[in-house]
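Work through the two exercises below with the sequence and the structure at hand. Try each task before reading its solution.

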Amino acid sequence: MEPVRYRVLHETRYDYGSNVSLSQQQLHLSPRVLDWQQVEEQRIDITPVPTWRRDGRDAFGNPVTWMAFHTPHDELFIRSAMTVAVMPHLPKDIEASLPWEEVRDRLAYDSTDPIPSDLDATRFLFESPHVRVKHELADYAADCFPPETPVLVGTQALMAKIFREFTFDPEATTVSTPVLEVLEKKRGVCQDFAHLMIACLRALGLAARYVSGYLLTRPPPGKPRLIGADASHAWVSVYAPGSENDWVDFDPTNNLLPNTEHITLAFGRDFSDISPLRGIILGGGGTEPDVAVTVIPLDEEDIPEELLVAKADASPPSRLPKAADASKPAKTDPDDK
Amino acid sequence: MARTLLAIYPHSPRRYDEMLAADGSVRPHWNQFLEHLDAVTPEEMRRRLDFSEQRIQENGVTYNVYADPNGADRPWALDPLPLIIPPDEWAELSAAVAQRATLLNAILDDLYGEQTLLAEGLLPPALVYGQHGYLWPCRGVKPPGGVWLHNYAVDLARSPNGRWWVIADRTQAPSGAGYALENRLIVSRVFPEMFRDLHVQHVADFFRDQLDGLTALAPVEGDEQPHMVLLTPGPYNETYFEHAYLARYLGFPLVEGQDLTVRGETVYLKTLRGLKRVHVILRRQDDAYCDPLELRGESALGIPGLLNVARAGRVVIANALGSGLLASGALMGFLPAICRHLLGEKLAMPSVATWWCGEKPALDYVKENFDDLVIKPAYPTQNMDPVFGNELKGEARAEMLRRIEARPHAYVAQEMVNLSQAPTWSRAHERRLLARPVGLRAYAVTTPDGYSVMPGGLARVTTGAGTRIISMQRGGASKDCWVLTNGPVSQFSLLKPSVGVRDLVRAGSNLTSRVVENLFWLGRYSERFDDSARMLRVALSRVVVGGGQKTPVVIAAMELARRLGVLPEPGEDTEVKEGGEHELLEAIYDPEQPGSLARNIRALMWSATHVRERLSLDHWHSLNRLQRDQQAALKTHPTLTEAIAFLDRVLGVSSSLTGFAMDNMTRDDGWRFLFIGRRLERLSFLSMMVAHFLRMPAARSQGSLEWLLELSDSIITYRSRYSRQPELLPVVDLLVFDESNPHGVVFQGNVLGNYLERMGRELGDDFGAGLAAALAPLQAFDLRRLENIQFDSARDYSACEELADILQSLDSAANKLSEALGMRYFTHVGDVSRQTMAV
């Protein structure tokens, strides 16, 4: 099977309005290399030039960049450009996955040496800052997991249930809306649905992680692709030992199993571990960023010249196209696929 | 004699008694002390208790019960009788404490590194990954020397068979060692003969070991001296007293997060004389709040970027970030096996029997033996008080069991321990010993040769004989702990017996920018509060004299108050009520109104709180009283007379604050900033007061000049010089040009210039130029132009306007100076770092 290659451009601009005298930033903007994902090219350009910068890996193995700005500046522009190849990696037969109780019991502690992959999965088994584990969540997921249900079948049913019962609504939530409130309102964006689904799975004793990345969107027929019209995306990965990669991705916002149209940046326990750009500033006025994401399938479309090569200088384009809203990707109709 | 004290001492067979053996005889190591106690007369004992209480009061030893900005701190409670421990018993105990510290350090190193404990199934992942205390970003950090746990404390209790057990481990930022030190300094003077004769081991060596241990680890480069600081969350923390006390004792600057700043991979202290690299941070702030960039982002307390300095190994953070993890009681049951695995030894001291409900067999046991157990949270970050199984009945019990069933891994159960009892001195009786349950908190610090254990510690007793939880928050008392030795007593002391010439400390050069900034604002606010009280008193007394009528004088005074920002600008729809009483009362008492006196009091309190250790207790109390009066008045609708009396008291407090600062504070950089703040504020107020007055048509009425003199506190000077009604020229001369009147513009300008010049010489900056330039036109102003102007009826006010313009530019120069000083020297405590997030 052929990999699908993409060019992704992720631009973030802060216009602080007044001077920021000191700023420190943590970036999760470099794609992770996976068994099914190669990173052919990748670079991050920053204006102004940071006073200090260090690249490394975080505790979950994701690439991370820290940087600091020690001199006054009133805007910050970060441009991450990458070429990534994604291989098809759908699970062959979800019916063949282990019964969910068996997975649950393997993850529970019994004072013997755990299997390394199980131990590894327990990192994603417990509460985390955005994922409270409450019995309401186990109750919500219960009808998707009758006894002896293969874990991937149950997870798919849970994804479908969330997709069916929840409404995509960028106005309903913020970055910090708790999952129980999302459960009550039945509204939210991809981040909320991912957190909710993770919370349900963990409440059942299953391990689930939060994946951040990008999703290919299709312009309306006959219309050209708009630069910056996409957005970053988030979905869920569940631990299913015995399946091809031990972990299988689910996208509750779109009710599908991610394959070659999802590009992975990083994974963690939840959003807080891998927020694309997190910082602390001293001074400044406005702190709402403009974010623009463009995802282009390299082998299908002509690439606008500005995206073809990573720019040597990081001078920002005079005007960033205004993305509809950063955290809220347009919902893709699954029937299109 | 001894019989009298022992005769009524309650002896319980169910508990181990520290003083009495099972057969009722006095334990040998208590004999001498008890005899001494019996020989002391009640009067003498009373005198000693008074001494102890007095020391606590004078030293301001407090324990904040609530985070209450109004200062609800409570004097430290100390029972004068020490807990006495014989040499051989201590040798065993301290070795066990040191072993446990070594073990816990090794566990932290493993869990943030290789994680063999998880891989071998020696510890459930729930107790690591399931804890908020496991700080993920710290995974892979290698602290200098491999030391995570620099300061360790352990709560110990003695079971009925006489063995010591561990009740709880403190690994976050253990508190109490400073209180233990203060207790020692007091109790050793309450019983000086006994302290000497019994060969009590001194605790000073322990603090020297702590210094040595941190010094050895400090990542210094070249010939750098290790620069160590004590990081406190601030004055509202319950043990703030101890932070300040230890910082002084160890000789560390006491700093808050805002005092430190990270540049690249180095952390610095912001001082008046620039950034100074910090090598060691002795941390009393919880780790999750230490770096908002990677840990809890909503925290304004932290130091953004600190983790990157830790990753680079360029700072010792004691304890290392992430150490709070091990305070979980759920770990206790796993320690014996882990000790064998990591240290290859048997765990020397048992923990109180503990069941982690996350294991099925343990959960079953807990359900079956609920009445004999204490239920506690498994994770120290959970907010839950211990629950005694046998006290839970009916629905409450069923509810607790349901909660445990739903999230078993979040709970532990511990065997109920019958604490040992120790004698305490009764305050209610003339001469009586009471028996109270006692626990001991012991301390260990890292040194190059392993852990050193404080000989002694903080012993604590409960309030009642039957009380089960020992807690200072709940009103328990503390005790000194005397560890006896057979050998000689080390005489080392960090408190030098006498000060030599080399030890002389002159005006502190180590002032942090934050302290200087708070002093500057304390100066500005105390002047501002004085000015607005005076302005309000002038207006209010004119209202009273006018019988509530809007006389021209009242109108003029209120307009000036408005122009000076003491009264708010009237909104378009608000009809000014007749007489203006209501408006004036609001400007005094309403803290929500911008510019009000109440608001100034609040701002003053805020600055004062942050430099509290530099104020006398008396002044602190009078400020507190003032704020309480103002808050009480909000509810009672004070009359005009009461309001005037309140303003009189405000002015009284204000002048005593000034007197204190002039007479009693050392003239260091901090003092200078306090007075620069005051002078700047007054210069600005006086300039604008005269400028507005000269321009206001409303002021051009009879009697105005008189209240202007009153407002600037110069009326007595005027009368003594000119025995006639106030006239424009002499009044302006006095309030603006007279170089000897402290309530005059030129006087303030000159004094301020002197301060700036002195500061410029010492700190190498020149801030005086702008001010001097703004003062020059005043010197050039020809006063003869004001001759023969009848202020209430002149035809030409152009000379007045011109003078007003000069004064106004002087005010601008003062404001610019204030900003420039802030840019250069302050941390900008008002400018809080903010988190930003993009997806």
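**Exercise 1.** At what angle do the axes of helix α14 of chain B and helix α17 of chain B cross, and which residues make the contact?

Solution.
1. In this predicted model, take α14(B) as residues 513-545 and α17(B) as residues 597-610. Their axes come within 9 Å and cross at roughly 155°.
2. Angles over 145 degrees count as roughly antiparallel, so α14(B) and α17(B) are roughly antiparallel to each other.
3. The crossing of α14(B) past α17(B) is left-handed.
4. On α14(B) the contact residues include W521(B), L522(B), Y525(B) and F529(B). On α17(B) they include I601(B), L604(B) and A608(B).
5. Sorting the residues of this contact gives 11 nonpolar, 6 polar and 1 charged.

**Exercise 2.** In what order do the 4 strands of the open sheet in chain A stand, and which helix touches β8 and β9 of chain A?

Solution.
1. The strand order is β10-β9-β8-β11 (chain A), with antiparallel pairing.
2. β10 (247-250) and β11 (262-268) of chain A are at the edges; each has a single partner strand, so one side of each has no neighbour in the sheet.
3. On average, neighbouring strands of this sheet are turned by 35° against each other, direction ignored.
4. Now take one pair: β8 (residues 208-215) and β9 (residues 232-239) of chain A are joined over 7 bridges in the antiparallel sense. A208(A) is opposite V238(A) in β9(A).
5. Helix α6 (residues 190-203) of chain A packs on the sheet and touches β8 and β9 of chain A. The direction of α6 makes about 10° with that of β9(A).
6. Helix α4 (residues 151-165) of chain A lies across β9 and β10 of chain A, at about 15° to β10(A).

Methods:
Residues numbered from 1 in each chain as written. Chains lettered and ligands numbered in written order. Predicted model: local features only at pLDDT ≥ 70, side-chain atom pairs only at ≥ 80, totals over all residues. Axes fitted to C-alpha atoms, helices over the stretch in contact; angles between N-to-C directions. Helix = DSSP H or I, 4+ residues; strand = E, 2+ residues; numbered from the N terminus. Parallel < 35°, antiparallel > 145°, perpendicular 65-115°, else oblique. Left-handed = near helix turned anticlockwise from the far one by under 90°. Contact = placed C-beta atoms within 7 Å. Nonpolar A, V, L, I, M, F, W, Y, C, P; charged D, E, K, R; others polar. Pairing = 2+ DSSP bridges.
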